[in-house]
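Notebook open, model on screen.

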Amino acid sequence: MPTMTRTILVIEDDAAIRQGVVDALGFEGYHTFEAADGEAGLRDALQLDADLVLLDLALPKLDGLSILKEVRRTRPTL
């Protein structure tokens, strides 16, 4: 049986929340990437080979809804 890639990008500006989510996902066997602001999050969402993005809506530099709009436009299956 082929193994599925299980990679999640966590975009969250609160470091404690981000670390808690990343730790919990890692404990469950997921590979994670992290971004602490909207600009880095958008860049990573468009460039990394993630299967899922966990996205905070209130972010510095670029809000989550703007990220979501751009990701849906350029990577509609993400």
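This is a predicted model: local features need pLDDT of at least 70, side-chain atom pairs count only at pLDDT 80 or more; totals for chains, interfaces and linings use all residues.

I started at the beginning of H1, where a side-chain oxygen of Asp 14 comes to within 3.0 Å of the backbone nitrogen of Ala 16. I count a polar contact as a pair of N or O atoms within 3.5 Å; within protein, one must be able to donate a hydrogen and the other to accept it, and residues adjacent in sequence count only if both atoms are side-chain atoms.

Residues are numbered from 1 along each chain as its sequence is written, and side-chain values use heavy atoms, with hydrogens and water left out.

**H1**

I looked up the length of H1 next: residues 15–27, 13 residues, reaching 18 Å from first C-alpha to last, close to the 18 Å expected at 1.5 Å a residue. The expected span is 1.5 Å times one less than the number of residues. Helices (H or I, at least four residues) and strands (E, at least two) are DSSP runs, numbered from the N terminus.

Which residues of H1 are buried? I found Arg 18, Val 22 and Leu 25. Down the axis of H1, its buried residues fall within an arc of 65°, so they line one face of the helix; the arc is that of the directions from the helix axis to the C-beta atoms. Ala 16 and Phe 27, on the other side of H1, are exposed. My cut-offs: buried is under 20% relative accessible area, exposed is over 50%, and partly exposed is in between (1.4 Å probe, protein chains only).

The buried residues of H1 pack against strands E1 (7–11), E2 (31–35) and E3 (52–55). After H1 comes Gly 29, with a positive phi near 95°.

**Arg 6**

Arg 6 sits in the segment before E1 and counts as partly exposed because its relative accessibility is 38%. Its side chain reaches the backbone oxygen of Glu 28 at 3.2 Å. Skipping neighbours within four places in sequence, I list Glu 28, Gly 29, Tyr 30, His 31 and Asp 51 as contacts of Arg 6; contact means heavy atoms within 4.5 Å.

At the start of H2, a side-chain oxygen of Asp 37 gets to within 3.0 Å of the backbone nitrogen of Glu 39. Buried in H2 I have Gly 38, Ala 40, Gly 41, Leu 42, Asp 44 and Ala 45, and the buried residues of H2 pack against E1, E2, E3 and H3.

I checked Asp 44 separately: it counts as buried because its relative accessibility is 11%.

The largest nonpolar core has 10 residues, including Leu 9, Ile 11, Ala 35 and Ile 67. Such a core is a set of buried Ala, Val, Leu, Ile, Met, Phe, Trp, Tyr and Cys residues joined through side-chain atoms within 4.5 Å. E1, H2 and helix H3 (64–74) each give two or more residues to this core, and the largest share, three residues, comes from H2.

**Leu 55**

Last, Leu 55 in strand E3. With 26% relative accessibility, Leu 55 counts as partly exposed. Among residues beyond four places in sequence, Leu 55 touches Ile 11, Gly 64, Ile 67 and Leu 68.
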